[in-house]
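This briefing covers a predicted model.

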Amino acid sequence: MSNAPGTGEAVLFWILGPLAVLGSLGLIFAKKAVHAALGMALTMIILGIFYIAQDAHFLGVIQVFVYTGAVMMLFLFVLMLVGVDSSDGLLETLKGQRLATAVLVLGLGGLLTAALGSVTYPEPAGVKSINEETGNVSAMAELIFGRYVWVFEVTSALLITAALGAMVLAHRERLGKGRNQRDWSKRRVLRGEYVAGLPAPGVYARHNAVDTPALLPDGTPTPLSVSRVLTARDQVTTPERYVEAEDRIAGQIEEDSSR
Amino acid sequence: MHTLIQSLATEGAAATEGGHAAYAWLLIALPALGAAILLLGGKRTNKFGPALATGLSWASFAVGAVIFVTMLGLGAEERAAHAELWNWIPAGQFQLSAGLLVDQLSMSFVLLITFVGSLIHVYSLGYMEHDPDKRRFFAYLNLFVASMLVLVLADSYLLLFVGWEGVGLASYLLIGFWNHNPAYATAANKAFFVNRVGDLGLSIAIMMMFATFGKVDFASVNAGVDGASTTQLTAIGLLLLVGACGKSAQFPLQSWLGDAMAGPTPVSALIHAATMVTAGVYLVVRSHAIFEGAPNAQLAVAIVGAITLLYGAIVGCAKDDIKKALAASTMSQIGYMMLAAGLGPIGYAFAIFHLLTHGFFKAGMFLGAGSVMHGMNDQVDMRRFGRLSGAMKVTWVTFGLGWLAILGIPPFAGFWSKDKIIESAFAVGGTRGWILGLATLIGAGITAFYMSRLFFMTFHGKEKRWTDGQHPHESPATMTVPMIVLSIGSGLLGMILAFAGFAQWLHPVFGGEEHEEHTNWPLMAITLLVVAAGLLLAYWRYWREEVPKRAPEGNLLTQAARADLYQDAINEGLFMRPGIHLTRALVFTDTKGVDATAGGLAATIGGFSSRLRRLQNGYVRSYALTMLTGVVAVLGVLWVMN
Amino acid sequence: MSAAVPAVFEAVKVDYAAIAPMLVVVGGALIGVLVEAVAPRSTRYGAQLVLTLATIAAALVALFVWAVPHKAVTLGQSLAIDGPALFLQATLLVFGLLGVLAMSERFGGKSADAFTPMGASSPGSPQEAAATRAGFATSEVFPLALFSLFGMLIFVAANDLITMFVALEVLSLPLYILTGLARRRRLLSQEASLKYFLLGAFSSAFFLFGAALLYGFSGSSDLKLIARAITTNSSQMNGLLLPGAILVLIGLLFKVGAVPFHSWTPDAYQGAPTPITGFMAAATKAAAFGAILRIAYVGLEVSRWDWRVGVGLIAAATMIVGAVLSVTQTDVKRLLAYSSVAHAGFILVGLLSFDGNGIAGVMFYLVAYGLATLAAFAIVAMIRQGGSEATHLSQWAGLGRKHPVVAGIFGLLLLAFAGIPLTSGFTSKFAVFAPAIHSGGTMGVLLVVIGVLASAVTAYVYFRIIVLMYFTQAPEDDVVALTPSVATTIVVTVGVLATLLLGIVPGLLLQLAQDASTFLL
């Protein structure tokens with residue numbers, strides 16, 4: 001029983017292989033985070049396909065589930081939190097860094113290629129025999145819960161540490177009691193400012209999204225009407241174009257009425 | 001046990017186990033205990049601390065004396081004894097045990113160290129009386145004595161190295177005791193750096209001994225010399241010489257001694273005259289087997305000695321600072337000892353002989369200088385002294401005895417020891433004998449000149465050149481008594497030791513055949529003539545004539561000598577400049593961390609360091625690049641090799 | 001390589017006695033997490049401290065009572081509880097005990113002094129100030145330290161590459177977090193944490209790549225089977241072996257801070273809370289060297305002639321760069337970081353001797369260095385100016401006059417680092433250099449020469465600090481040594497006693513290390 005890959009598998013490999021490499025290069029070189037994430041998804045899915053093509057169906061499906069399903073989703077959540085548009089400065093300030101990196105990466109690649117290329121590989125083992133005996137799912141289960149049960153268990157320590165670390169580094173506990181609505185209105189009255197509440201965002205009926213500041217009677221936008229989070233993120237739109245549009249309409253009305 | 005003795009017997013002395021060495025640990029333990037009590041006890045011990053330290057130092061001397069007397073009662077071949085203290089590193093291919101070796105050589109040192117050390121303790125009681133922190137000073141003194149005793153009593157190079165580092169540390173602590181003077185920092189740094197070079201030499205030598213002999217105790221090394229190649233022995237010998245040069249301020253590592261005079265004077269007397277600086281001589285003499293197996297290294301020792309003895313003598317002629325002049329003289333006298341140690345078996349005993357007498361008379365003179373400074377408001381410029389003989393009678397007489405001793409006027413101490421070195425040098429024969437002999441002879445003449453100059457400028461001369469408001473007065477008894485005791489030693493020790501047969505006493509340590517002693521009368525006469533010439537010249541220039549209060553320009557030689565023969569300039573030119581240029585060429589970031597004065601090597605390392613530091617720029621991507629470089633480099637090297 | 005899979009599932013045999021210490025530690029860590037979740041805030045610090053100390057002590061007892069008589073390869077080749085593993089596990093537990101004691105130091109405040117009261121608050125924010133006022137304590141550091149310790153315990157016993165990799169991550173992840181939790185100079189601390197994390201991930205990639213190559217070579221991740229494959233495989237496969245071996249070793253050498261994989265060391269050591277720095281320097285180094293020992297002596301020993309030169313070069317570079325770079329450092333923590341780099345080089349010299357005495361020497365060195373370095377960092381944490389740690393060397397000038405005992409102890413520890421005889425530093429250098437001379441061949445001798453020269457350079461640096469502390473006039477400022485609590489006092493005392501005892505009578509521990517220097521296969 002030969003385990004050598006068939007023609008179909010070879011064709012599949014030579015088409016998808018370069019694509020997987022392209023995807024991973026995209027992960028590194030894409031300027032936008034979303035593109036990078038998609039590049040990674042591409043690579044992961046192709047790897048999943050490879051596994052399936054090699055009769056490791058379970059592994060292939062898990063690969064797609066875990067990486068493109070769970071891990072990618074997490075990435076995208078993070079991207080959403082950070083903001084899709086945000087990107088890092090790509091200007092390299094260190095002299096010679098890129099050149100040296102390129103040379104060394106090529107060097108490492110060359111060395112490894114030379115070393116791995118010199119190897120005469122034996123007949124690949126393949127999973128056919130296992131598939132025929134017990135099926136690779138059970139085989140893997142036996143490894144995970146048998147030979148590698150310790151590693152499997154120890155991994156849980158890693159996950160707990162990660163959760164604990166996330167709590168330590170990201171969870172801000174509220175110090176003291178927070179104010180409720182009643183407290184806020186009391187405070188407003190006591191201070192005598194914004195007694196009627198802060199102005200709501202939006203320009204008349206034309207546009208009432210939260211990122212558009214309201215206009216004061218004199219036509220100037222008021223920053224009080226938008227959340228300061230949006231201001232900090234620089235995601236506040238200017239109401240000018242609505243004002244202009246309004247002026248235009250007002251002008252037209254005036255024109256019409258004077259006609 | 002029997003085999004051990006037999007194996008040792010081939011090398012002359014056989015060290016019996018235990019015996020009178022059984023209590024030798026007390027020698028070290030007593031002063032160490034003192035240091036511990038004073039340092040750990042803190043202010044509580046302020047009152048009785050200094051007295052306790054002095055007492056313990058004397059107690060150590062008493063133990064030494066008892067052991068010495070016991071030794072005298074034994075036959076010549078039974079006097080060496082060995083006491084194993086504990087098994088230091090018991091496992092593995094290399095075994096190490098720590099033990100004490102009590103033989104004639106180490107006992108000579110023990111008596112010198114404990115006796116002179118205790119006298120200096122007493123002297124310090126007076127000298128440091130008003131110092132608010134004198135408890136710490138005495139603790140350091142005790143620590144020094146203990147370390148020095150470890151150095152000389154050690155039975156292996158490794159334990160010797162412990163003492164070696166210990167005296168280094170204690171001496172820094174003592175020199176740095178008064179560090180109010182900011183310029184002093186530079187000097188301390190220099191002493192520090194130069195000594196590190198020496199220590200490096202010694203530690204590499206020890207490592208090479210490990211590699212060569214598999215052991216580092218004296219007995220095994222001596223026994224193993226026959227099996228080692230001359231190249232190995234020469235390398236070890238030269239490295240030991242580097243170590244000795246560093247500690248004993250020998251050429252080319254001599255530059256630190258003059259600067260170290262910034263410390264309190266009792267320290268200079270103890271460390272820079274009697275004990276620590278002679279450790280190099282001890283090391284060479286103790287390693288005689290290695291040097292005998294490596295004639296080239298032995299010659300190097302003699303040459304270093306000859307150069308230093310002339311160098312120190314010439315520099316001594318031009319120094320106006322009384323302590324620096326004495327320091328130059330110390331350097332020169334240790335040069336004599338080194339030279340003697342480099343002569344081979346004929347010289348060893350005389351090197352140690354001179355070391356002992358020198359320990360007495362030089363310590364005495366340093367204490368005298370301290371007494372002068374004490375009476376003259378810490379003035380050290382000899383051009384501001386003159387005719388002090390009237391005001392400070394005791395100091396004058398005791399210093400005078402030391403002066404006669406160093407000149408080698410019979411029957412004072414130096415005559416018996418220095419003269420023997422001159423004789424031995426000529427006795428070597430051949431061109432080598434002539435060159436070394438002439439060096440010692442000329443050195444003796446110059447010594448006579450500059451020591452007389454020092455003596456006359458301080459105590460005699462045409463007039464008093466004191467600064468206004470000086471009222472010189474004699475020092476208190478705690479200071480004068482030690483000076484008197486030492487001056488008696490300067491006067492008589494040489495004669496006593498010579499007639500008691502010191503050379504024969506030491507002989508079993510070195511083995512080999514005994515040398516017939518026959519005095520070379522014509523040479524002795526010539527030596528005395530040369531000495532007298534030097535003395536008369538000094539008399540004529542510095543007693544009869546007026547000494548200007550400010551140093552005259554002088555001729556080229558004087559200027560050169562005054563500048564320590566341009567040692568700093570040479571150091572700078574040879575080591576520092578290239579280092580600094582290299583640094584400048586390499587450095588991109590600051591060099592603040594580098595102390596340029598510490599020397600060229602430091603500057604070079606510092607420059608290298610600064611350059612490497614540039615790689616540590618704080619950017620992760622740059623760090624990752626460094627890692628990648630490492631991966632590619634290692635893989636590349638292995639790929640090429642396989 | 002189709003392993004015949006049995007029809008009926010067979011659970012691996014677990015020698016619970018042998019792995020008892022690990023179970024105790026991870027159990028303690030899990031309880032610690034629960035305490036964090038349920039205990040009221042005011043009781044957490046005390047509860048965590050007691051729990052952590054009790055856990056480590058119990059683990060030590062378990063080690064000596066159950067594990068030592070039960071040397072075994074267990075859990076289906078995953079763990080080898082043998083001499084070196086037990087020796088290093090005991091060492092790590094002691095380091096952990098001392099490290100936790102140092103972490104608990106409060107200097108009279110409400111919470112552990114070294115750690116920020118709230119890791120999530122922005123540095124310098126009002127929230128941070130409020131948390132400080134409220135006496136918040138990041139008591140999570142204790143379970144995190146236990147998790148890290150757990151990883152280390154596995155790391156030194158890991159008998160296959162996968163276990164080793166997971167252990168590596170288990171020990172590293174808590175350390176990344178702990179590094180970022182300093183109370184003062186928090187931006188620096190967070191930067192250090194991120195750097196450590198990124199570079200750690202980078203090195204893990206190398207380890208994994210190497211492990212994959214070795215798997216490709218031998219068809220197994222078991223060290224024993226890799227060793228067997230090296231002897232039986234045809235040379236046609238060697239293209240996989242050498243890069244695999246080197247990459248795996250590089251992944252581990254990163255953790256010990258070997259040059260050129262050391263760049264994270266000074267930054268992380270400087271930024272991390274000082275007790276964590278001490279813990280990292282002592283324990284991480286011990287754990288990583290344990291793993292390197294096992295890989296080098298069990299897995300790759302047969303092929304050592306192929307890769308030894310590569311690691312030798314790294315060792316030489318490590319000693320030289322570590323020593324030379326320490327010359328220009330002006331910050332005590334960075335200086336000690338470079339010193340730890342240089343020490344890693346010295347240890348590598350002993351490791352490359354391939355000799356039972358070499359293993360014993362390495363283990364002895366790790367104990368001696370770890371105890372001294374824990375004490376040294378505990379002292380660094382005590383020296384303060386205006387409330388913050390005075391780590392700049394200029395601030396240490398004249399310390400010997402103001403605080404003779406503290407400066408004296410620090411001086412002694414520096415002497416040990418310099419390798420002066422009668423301190424543990426000398427015996428440990430001796431213990432690694434002697435086997436290198438004896439059985440390391442030409443390369444061993446060459447490395448020892450470099451080692452001696454490098455230690456001379458470092459000695460210069462250490463002596464300079466002593467000179468600085470004792471012989472330099474103190475500037476007129478308010479640098480003080482805080483009075484330590486019992487916890488720090490214990491750490492310092494143990495460090496000093498060990499430094500002296502291992503210097504004067506090292507025989508017992510050396511013998512112990514020698515007896516424990518055989519790997520189980």
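Two residues are said to be in contact if their C-beta atoms, placed from the backbone, lie within 7 Å. In that sense, four residues of domain 1 of chain A are in contact with six residues of domain 2 of chain A.

**Domains of chain A**

- The domain assignment divides chain A into domain 1 (7-86), domain 2 (126-172) and domain 3 (198-258).
- Taken over C-alpha atoms, the centres of domain 1 of chain A and domain 2 of chain A are separated by 21 Å.
- Where domain 1 of chain A touches domain 2 of chain A, the side belonging to domain 1 has two nonpolar, one polar and one charged residues.

**Chain B**

- Chain B has 26 helices and three strands, and 60% of its 642 residues are buried.
- Among the contacts in chain B with a separation of 6 or more, 80% are accounted for by residues 24 or more positions apart.

**Contact between chain C and chain B**

- Chain C contributes 57 residues to this contact, and chain B contributes 51 residues.
- On the side of chain C that touches chain B, at least two residues each are supplied by helix H7 (186-218), helix H9 (238-256), helix H10 (264-271), helix H12 (304-327), helix H17 (424-439), helix H18 (441-471) and helix H20 (507-515) of chain C.
- H18(C) gives the most to that side, with eleven residues.
- By class, the side of chain C that touches chain B comprises 40 nonpolar, 14 polar and three charged residues.

Definitions and conventions
Residues numbered from 1 in each chain as written. Chains lettered and ligands numbered in written order. Predicted model: local features only at pLDDT ≥ 70, side-chain atom pairs only at ≥ 80, totals over all residues. Helix = DSSP H or I, 4+ residues; strand = E, 2+ residues; numbered from the N terminus. Nonpolar A, V, L, I, M, F, W, Y, C, P; charged D, E, K, R; others polar. Domains from an automatic or database assignment. Buried ≥ 20, exposed ≤ 12 C-beta atoms within 10 Å, placed from the backbone.
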